[in-house]
Amino acid sequence: VEGHIKWWILSATVLSILLSWGSNFETFTDFFFYKIPFYNKFRTVSMTLVIASVAVPILAMLAIKRIMEDPEIFKAKQKEFYIATGIAGGIAVLFAIMPQAFFAFMSRAEMAGLAEQAKSAPEYKSQIDAFIAAVQAVRIAIFKADAWRSLLFVLATAAVVYTFGKKILKEKYMIAALAVIFIADLWSVDKRYLNDDNFKSKAMAHAFRKSKADAFILKDKDPNYRVLNLTQSVFNDGSTPYFHKAIGGYHGAKLRRYQDLIERQLAPSISAIMAVLQGKDTIHDINTVMRQLPVLNMLNTKYLIYSPDQMPFLNMDALGNAWFISDYKLVDNADQEIAALMGFNPKTTAIIDKRFASKFSVKAKKEFYDFKNAEIKLTSYKPNELKYESKTEKPQIAIFSEIYYEKGWNAYIDGNLTPHFRANYVLRALEIPKGKHEIVFKFEPKTFSISQTIALISSILTILLIAGLVYWEVKKEKV
């Protein structure tokens with residue numbers, strides 16, 4: 001392969017491997033993380049290996065292309081061919097016969113965790129050591145099998161290229177043989193992760209078993225409420241979100257603002273509830289502690305599951321899907337906003353960052369009225385559209401128990417786009433005029449509509465290009 005091509009491919013490959021080392025090459029990783037734009041948006045450093053997995057096959061295909069265009073080059077570069085085959089095959093053999101010389105087969109985090117267990121329970125040290133040895137043995141066996149497998153594919157590919165270079169195999173048969181080798185390689189690996197067992201139509205139906213508590217909650221016809229399942233690791237839980245809208249759950253890319261709320265407010269609140277449940281407390285005691293946890297109430301935490309076989313606790317202090325406030329407190333910044341959530345009554349008061357003050361006209365407490373005569377309710381819930389109906393005698397500020405996300409969510413009052421703002425650090429707020437109105441929140445990210453338009457134009461241009469090439473080829477044939 002020509003120098004200027006192979007060197008940039010090699011550079012990209014080496015760069016992606018170095019970046020994938022992460023904390024194992026911390027100085028290099030930190031430079032990219034803090035200095036190179038957008039690099040810190042990647043979820044994990046190992047994603048950079050995608051570059052190597054594309055670059056290396058490109059280099060291989062360019063080499064095959066060069067040999068096909070100039071078969072005589074094989075004779076001139078025969079020594080290099082043997083060296084390349086020897087390096088690739090030699091690495092596979094070394095990995096197969098002495099893998100422990102190169103890899104530990106247990107991560108530092110795993111060893112640290114097991115060492116901690118052995119320290120806290122020394123009577124089980126022998127079992128833990130046996131477990132470590134068993135895990136390492138299994139991983140080494142898998143690794144060796146793949147090393148021998150890699151050697152097989154290296155030798156098979158080398159044999160095909162060698163026979164073509166010696167003019168024993170014709171070009172079309174070489175292409176066919178390489179295609180068979182590539183498909184066999186990819187197919188056998190892909191089947192490890194996605195096989196026939198993954199295509200059973202009712203697989204998800206048995207993934208999560210409905211508990212008595214789940215069955216009771218599912219009888220609730222309210223279009224939207226949230227569940228706090230204390231029998232699971234709340235923020236690493238996949239079962240509760242399968243049945244309900246949950247306070248927790250898991251996602252690898254949750255909003256930073258919600259993560260702040262988890263760490264500063266939700267985690268301490270959950271600890272307070274657990275302390276009550278672990279004592280010999282009554283329902284009255286649980287009700288008392290729930291009234292002291294404003295964040296859970298403003299998130300409309302209607303049910304608490306404390307035992308899968310028992311009826312859930314119904315939180316009477318949950319504020320519902322939307323409500324009107326009679327007062328608000330302006331704060332200077334986000335730090336003050338989240339700190340103010342410690343001791344306020346979300347049913348009557350909202351905490352608002354002062355930069356949103358221009359979004360509403362109600363400026364003084366005297367402008368509020370007795371909102372017991374006002375009504376606002378959720379009438380329709382969809383993940384990308386929520387509809388409410390309201391009735392008020394004066395302009396009124398409503399708080400919605402939905403996460404504020406300005407990069408996509410728009411608010412409409414009677415079909416007219418209306419600015420909404422953030423309250424209580426994570427929720428949506430909107431000033432609603434007097435009278436009866438329909439309020440609709442829609443998720444309409446501009447990036448989605450723009451990308452749809454670009455995709456459509458690109459598809460049309462691709463079809464026109466293909467049609468033009470076909471027309472050109474047919475016209476050439478006729479000439």
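Is Lys 125 buried, partly exposed or exposed, and at what relative accessibility? Select Lys 125 to begin: at 45% relative accessibility this residue counts as partly exposed, where buried means under 20% relative accessible area, exposed means over 50% and partly exposed lies in between, with a 1.4 Å probe and protein chains only.

Before moving on, note that this is a predicted model in which local features need pLDDT of at least 70 and side-chain atom pairs count only at pLDDT 80 or more, while totals for chains, interfaces and linings use all residues. Residues are numbered from 1 along each chain as its sequence is written, and side-chain values use heavy atoms, with hydrogens and water left out.

Next, select Asp 220 and Lys 302, whose side chains meet in a salt bridge at 2.7 Å, N to O. This pair links distant parts of the chain, 82 residues apart, with Asp 220 in the loop between helix H9 (212-217) and strand S1 (226-229) and Lys 302 in strand S2 (residues 301-305). Asp 220 counts as buried at 18% relative accessibility, and Lys 302 is buried with a relative accessible area of 18%.

Then go to Asp 353 and Arg 355, where the side chains form a salt bridge of 3.9 Å, N to O. Asp 353 is buried at 4%, whereas Arg 355 counts as exposed at 54%. In total, the structure holds 18 salt bridges.

Finally, display the open sheet of 5 strands, ordered S7-S8-S14-S10-S11 with antiparallel pairing, two strands being paired if DSSP finds at least two bridges between them. Strand S7 (375-382) and strand S11 (416-418) are the edge strands, each pairing on one side only. Within the sheet, strand S8 (residues 385-392) and strand S14 (residues 435-443) pair over 8 bridges in the antiparallel sense, and Glu 389 stands opposite Glu 438 in S14.

Terms used:
Helices (H or I, at least four residues) and strands (E, at least two) are DSSP runs, numbered from the N terminus. A salt bridge is a side-chain nitrogen of Lys or Arg within 4 Å of a carboxyl oxygen of Asp or Glu.
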